[in-house]
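Visitor: Please show me the model, and then let us go through it by question and answer.

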Amino acid sequence: MGIEEAPLKHLHTLSLLSVHPGAVLYLRPALGFGVSSASYKRWSQIRKLTVHMATFGHEPGRPTNHLKLLHAYLGSFPSLQRLVFHWEGESPAKGKSTQACPKTCALPLRPLKLKHLQQMKLVNAIMDASQVASFIQEHRSTLREFNFENVVIRNGNWDDALAPLTRLSAARGRSRACATLTL
C-alpha cells in the first residue's frame, strides 16, 4: 500500500523473490485487500517483472486455483515488456509430481495476453507443446526473445511447441524472435 501511495514516477521494475503462490491474491493491483484508487496507475508503470515463486503440490484429479490467481496477477500489468518467471523447488525434470501447469484445472485458462511483451524467460516448468505454441502465436507481433530453461514438454515436443516460429520465419523470410532452450 505504501508503494501505491508514494509518488514513484520512475518505478518500472518489480522483483518478487521466493514468494508463495497464494501471495498474488494480496498483491493483485485490482480488487485486492487494501487496494487504493492509485493501485492500477502505480502497477501499470511496471515494465520489467521478475517472479520466483515456490512450487505447490498438486494431487491428480484435484483442481487448484493457484494458477488462476497467478494468471490474473500477471495479466494485471498492462505495460509489461520483460517477464522472468521461475518456479522454485524440485525440478519437474526429476520426475516429481509438482507441475507448473497441471492439466486438471476445472476450466482451462485462456492464453495470457501481454500486448507489449518483448522478452520472456520461464524456468523450471512443465507445459504442453500447445501451451507454448499458443503463447508464441499470441505474442508474435511483439515478442523478440524468450528463454525456456529446464522446461519439460508434457504433451507433444519442442518442434510442435516452436512451430509458430517456423511459420513466421517462412512467411517473413527471417525470424524476428529468438528462442533459447536450456534443458
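**Notes on a predicted model**

Guide: A polar atom of the Ser-76 side chain lies 2.5 Å from the backbone oxygen of Tyr-73; a polar contact is a pair of N or O atoms within 3.5 Å, where within protein one must be able to donate a hydrogen and the other to accept it, and residues adjacent in sequence count only if both atoms are side-chain atoms. This is a predicted model, in which local features need pLDDT of at least 70 and side-chain atom pairs count only at pLDDT 80 or more, while totals for chains, interfaces and linings use all residues. Residues are numbered from 1 along each chain as its sequence is written, and side-chain values use heavy atoms, with hydrogens and water left out.

Visitor: Is Ser-76 buried or exposed?

Guide: Ser-76 sits in the loop between α4 and β3. Buried means under 20% relative accessible area, exposed over 50%, and partly exposed in between (1.4 Å probe, protein chains only). With a relative accessible area of 11%, Ser-76 is buried.

Visitor: Which elements do the buried residues of α4 pack against?

Guide: Helices (H or I, at least four residues) and strands (E, at least two) are DSSP runs, numbered from the N terminus. The buried residues of α4 are Leu-67, Leu-70, Tyr-73 and Leu-74. They lie on the same side of α4 because they cover an arc of only 125° around the axis, the arc being that of the directions from the helix axis to the C-beta atoms. Taking contact as heavy atoms within 4.5 Å, these residues pack against β1, α2 (24–27), β2 and β3.

Visitor: Which residues touch the most other members of the largest nonpolar core?

Guide: A nonpolar core is a set of buried Ala, Val, Leu, Ile, Met, Phe, Trp, Tyr and Cys residues joined through side-chain atoms within 4.5 Å. The largest one has 40 residues. Elements that each supply at least two of its residues include β1 (13–19), β2 (48–54), α4 (66–74) and β5 (145–153). The members that touch the most others are Leu-49, Met-120 and Phe-148.

Visitor: What is the C-alpha to C-alpha distance between Met-127 and Ile-153?

Guide: Met-127 is in strand β4 and counts as buried at 12% relative accessibility. Along the sequence, Met-127 and Ile-153 are 26 residues apart. In space, their C-alpha to C-alpha distance is 5.2 Å.

Visitor: What is the relative accessible area of Asn-150?

Guide: Most residues other than glycine have a negative phi. Asn-124, in strand β4, has a positive phi of about 65° and is buried, with a relative accessible area of 5%. Asn-150, in strand β5, also has a positive phi, near 60°. Asn-150 is partly exposed, its relative accessible area being 22%.

Visitor: Over which residues is the pLDDT below 50, with 14 contacts beyond near neighbours in sequence?

Guide: pLDDT is the predictor's confidence in each residue, from 0 to 100. The protein averages 78, and 69% of the residues score at least 70. Where pLDDT is low, the predicted coordinates should not be read in detail. The stretch asked about is residues 94–100.

Visitor: How many helices and strands does the protein have?

Guide: Buried residues make up 40% of the 183 residues in the protein. Along the sequence, the pattern is α-β-α-α-β-α-β-β-α-β-α-α-β. The count is seven helices and six strands.
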